Amino acid sequence: MILVLLVSLGVALCFTGVPAKVKRGLKEVFSPKLVIVAADEKDIYRQATARIRGEMEEKYERDIAALKKSLEDSKKQGPEPKEPSLGAPESELGGVTDVRKLRSGIPFKTEVKMEKGGIASRERVDEASYTASYQLSFRLPAPAKTLVELEASNPSLSKILPGLPALVESAEVSNWFTKIYEEKAARIRRDANSLNELLTKHNLYDCETILHLRSSSGRRVFFMQSEMDVVSDGSDGDRLPAMPDEIINSPNYQPFTSYAWTKKTPTVNPMIAGWEARLKAAEKELNSSGTTAVRKTWLRDRIQYLKRGIADLKGRSFLIADYDPFIVIPVNILGSSDAFAPKVGDYAVILYGDKLYPSIVGDGGPTYKVGEASLRVAREVNPKSSSYSRPVSDLKISYIVFPGSRDAERGPPDYEKWRQRCFELLGDIGGLGEGYQLFQWIDLLPKPPPPPTLQLPDASPVLTPPPASNDPEKSAPQP
């Protein structure tokens with residue numbers, strides 16, 4: 001009776017909505033899940049702080065070197081008393097005292113006005129008798145947003161990307177364009193009283209546009225036109241176990257990039273030696289009786305920073321700007337929740353002239369500056385590029401980034417995989433024009449020498465004839 005009851009109940013359930021719900025539940029359980037990769041905020045924060053620290057320490061080293069040189073020069077020259085003379089021409093002062101020669105490249109106009117005043121004792125106490133003022137003026141640029149404006153930087157854009165004209169018609173100017181220039185303006189206001197520390201005119205106008213594009217298939221595109229500066233950071237003991245001493249011992253070289261992955265081999269990162277040497281020197285200075293309290297506070301922070309960096313170098317690998325093709329995006333964009341904002345690892349295509357270079361977003365940069373790529377990309381764009389020489393100063397580089405395209409797991413660069421993936425993503429927005437193709441990167445990393453081959457003796461036996469015998473019975477053939 002129980003069995004009959006259960007069968008009857010099962011038949012009744014078939015005429016309800018339960019089987020459909022069970023089917024949907026099973027489908028949800030076994031269907032593939034969309035992988036969502038969270039932004040690695042620790043990597044972005046670490047890279048940003050490392051860059052700031054590197055810039056500060058570089059300036060500190062320059063100031064210390066200048067101070068030492070000044071003291072050495074004063075010792076060599078010694079004091080030379082001179083007789084004061086009326087009407088003698090003033091001595092030539094340092095170049096920074098002439099405001100017309102600002103290194104920021106800003107034209108500086110001067111005008112001296114002279115009026116008749118009262119007696120000297122009154123003019124001395126009048127604040128308005130001897131004054132100077134200056135007004136800093138700059139214009140915030142408008143973004144390029146039409147195809148005509150975009151092709152002013154590269155007339156071949158529509159030929160290379162035939163789907164671009166339709167995308168531009170419905171494009172939206174990114175809020176990041178406005179935010180970047182607001183950041184530049186705030187920086188200029190902050191540094192307005194330090195003329196030689198002002199943002200250069202070149203770095204003020206480094207972004208032509210940032211557009212949000214969306215294809216008919218829903219593919220999002222972060223489209224930016226800018227220049228190309230050079231980044232030369234990164235290290236990976238697995239792929240490059242030896243680096244030049246000048247890099248290992250440089251306090252300014254950053255061995256990290258925001259794109260990182262777990263080490264694959266026990267090979268030691270070569271940058272660890274330099275960091276451990278700096279850690280030892282910092283600990284020695286901290287324990288010195290002559291170190292001031294302010295300096296000790298700075299040293300304690302530095303020691304913690306060096307220890308964290310060494311632990312990171314022991315456990316993870318990073319991109320190498322000298323060998324790997326990648327671009328740099330401001331850190332505030334990388335950490336944003338904006339659906340159009342690129343993230344670390346997203347695929348990107350760099351377009352210059354009629355060349356298209358596949359790459360990824362590999363690092364984070366300053367919030368007030370755009371248009372940076374690895375030294376490997378820079379040298380391919382312009383063979384004369386170096387860490388101190390940008391490949392392209394004009395705003396003629398188009399950066400096409402595909403938000404949300406990054407892989408679920410990070411690993412060592414696979415250039416051919418990157419090329420294929422970028423080709424597929426370009427296909428989502430109309431593909432490439434006839435006659436154009438993606439550049440093919442070649443792995444230039446030095447390869448370890450092959451192990452020596454073991455020379456084995458010849459396996460075939462050597463037959464030695466038996467010694468001759470005078471005995472006829474022994475020399476006769478055996479049956």
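The questions and answers below go through a predicted model of one protein chain. Local features need pLDDT of at least 70, side-chain atom pairs count only at pLDDT 80 or more, and totals for chains, interfaces and linings use all residues. Residues are numbered from 1 along each chain as its sequence is written, and side-chain values use heavy atoms, with hydrogens and water left out.

Reader: How many helices and strands are in the chain?
Author: Helices (H or I, at least four residues) and strands (E, at least two) are DSSP runs, numbered from the N terminus. Counted in this way, the chain has 16 helices and 10 strands.

Reader: Is C422 buried or exposed?
Author: A residue is buried under 20% relative accessible area, exposed over 50%, and partly exposed in between, with a 1.4 Å probe and protein chains only. Because the relative accessible area of C422 is 0%, C422 is buried.

Reader: What volume does the largest cavity have?
Author: A cavity is a set of points, on a 1 Å grid over the protein atoms alone, where a 1.4 Å probe fits but cannot get out, and lining residues have an atom within 4 Å of a point. The largest cavity is lined by 11 residues, with Y259, G345, R406, D407 and R410 nearest its centre. Its volume, the space filled by probe spheres set on points joined across faces, edges and corners, is about 70 Å³.

Notes: 1 Å grid on protein atoms, 1.4 Å probe; cavity = no way out; pocket = protein on both sides within 12 Å on 5 of 7 lines; lining within 4 Å.
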